[in-house]
Amino acid sequence: MEKSRLTALFEKYRTGTMTPEEEQEFFSRLWADHPEEELNTVLRKVFDEHQTQHTFFTEQETERMLAHIKKKSGLRRVGNYRSFWRYAAAVFLVLGAAFFLHHTLMKRNLFTPMAEKVVVTKDVAPGNEKAIITLADGSKIDVDQVANGTFDDHGNTFLKEKKGLLNYTANQANGQDVAYHTMTIPKGGQYQLVLADGTKVWLNAASSLHYPTQFKGTVREVSVTGEAYFEVAHHPEKPFLVTCHGQTIRVLGTHFNVRAYPDEPSVKTTLLTGSISLLTKASTNQEALKLQPGDEATQQANGEINVKHLTNAAMSVAWTEGYFAFYHSDLENVLRELSRWYNVDFKIKAKTSKTYTGRIDRQLTLAELMNGLQLSGVPIQIEDKHNIIVLPNK
């Protein structure tokens with residue numbers, strides 16, 4: 001029954017006849033950690049037809065990407081280079097099943113001519129773990145440049161456990177005044193932080209978190225810009241408050257993601273487990289908006305908040321698992337994400353109404369990712385490390 005359902009959804013997607021609810025169900029299946037085996041069958045015919053017309057990735061690129069996929073997913077070696085999974089693993093799993101389907105094979109132009117391959121004079125490596133800590137006195141620590149170990153800020157201590165992780169739970173300075181630190185993640189970076197109460201925070205590229213080295217008093221309060229995923233330690237007697245762009249998120253113990261970049265038109269808060277309440281400058285505790293697991297609240301610049309329930313809320317935190325995840329995102333939104341992670345600037349010479357849906361591995365080099373993006377028919381040229389031009393569609 002399940003197999004026939006997947007096949008039916010696939011055919012509806014190909015013919016453009018599925019409902020929005022069916023589309024969400026379809027993409028949830030495609031984004032699953034272990035894609036259903038039936039996908040091999042339903043996609044093989046479409047792939048074989050496409051591969052006879054176009055060979056997009058070089059054999060060397062496919063080998064490198066497939067090796068990375070095997071490492072992350074445990075895929076076994078299969079077939080020769082022209083077999084389905086050796087190509088589809090590079091396109092289908094790395095770039096995301098929906099990316100491959102939606103822009104290469106689907107909609108009105110099922111088999112449109114491929115654009116020329118991306119021209120690269122200098123490739124760009126993906127981002128990695130890097131962060132700057134600003135201490136209470138204003139001095140800064142480039143965390144990536146220092147050895148693992150304990151640091152002291154006038155009696156307030158924290159531990160660099162390993163590359164990519166700072167931990168404040170070992171802080172023994174209970175008699176000291178509370179100090180405030182700020183972790184800033186540059187473009188091309190990400191980092192994980194464990195706060196003094198045990199709350200875990202993942203910070204995405206071009207983001208920052210302002211927080212105390214200890215939590216005293218009746219509340220725990222931090223502020224964030226950019227994007228952060230929180231797994232809040234449960235302390236019912238001390239609510240946890242996150243402030244960002246005039247919005248306050250109040251929690252006791254839960255998992256949620258907040259996206260509050262200054263260059264984006266809205267603030268998005270997505271709840272995965274537990275419950276949270278949102279307060280704006282104009283609201284009171286009695287008027288706070290309460291979210292349930294799977295809800296995503298979008299606050300516009302004028303303060304208006306809209307809530308929708310997501311079929312696959314985990315998509316919002318795909319970045320913590322090493323993926324970009326897009327769902328009907330326009331090109332500008334996609335390029336903002338890529339700009340932060342690869343620390344490059346984009347220039348768009350021609351507007352496009354296309355939207356992008358899919359999951360992309362964040363460990364691809366920029367040239368590899370751009371090759372995949374061109375599967376959508378958007379011709380791109382990488383001129384140098386800091387200037388990427390999206391050429392006009394032909």
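Colleague: Are D197 and R220 buried or exposed in this predicted model?

Modeller: D197 is buried, and R220 is buried too. That label requires under 20% relative accessible area.

Colleague: What makes D197 and R220 a salt bridge?

Modeller: Their closest N and O atoms are 2.5 Å apart. The cut-off is within 4 Å, so the pair qualifies. The pair also links distant parts of the chain. D197 sits in the loop between β9 and β10 (200-203), and R220 in strand β12 (residues 220-231). They are 23 residues apart.

Colleague: Why is the pair D345 and K187 called a salt bridge?

Modeller: The N to O distance is 4.0 Å. Within 4 Å is the rule, so this pair counts.

Colleague: What does the pair of D345 and K187 tie together?

Modeller: Parts that are 158 residues apart in sequence. D345 lies in the loop between α7 (331-342) and β22 (346-348). K187 lies in the loop between β8 (180-185) and β9 (189-194).

Colleague: Why is D345 called partly exposed?

Modeller: Its relative accessibility is 45%. Buried means under 20% and exposed means over 50%, so D345 falls in between. K187, with 33%, is partly exposed as well.

Colleague: How do you know that E264 and R259 form a salt bridge?

Modeller: Their closest N and O atoms are 2.8 Å apart. The limit is 4 Å, so they pass. E264 and R259 are both buried.

Colleague: Which residues are linked in a network of salt bridges?

Modeller: E227, R259, D263, E264, R336, E337 and R340.

Colleague: How many salt bridges does the rule give?

Modeller: The count comes to nine.

Technical notes: Residues numbered from 1 in each chain as written. Predicted model: local features only at pLDDT ≥ 70, side-chain atom pairs only at ≥ 80, totals over all residues. Heavy atoms only, no water. Salt bridge = Lys/Arg side-chain N within 4 Å of Asp/Glu carboxyl O. Helix = DSSP H or I, 4+ residues; strand = E, 2+ residues; numbered from the N terminus. Buried < 20%, exposed > 50% of the residue type's maximum accessible area, 1.4 Å probe, protein only.
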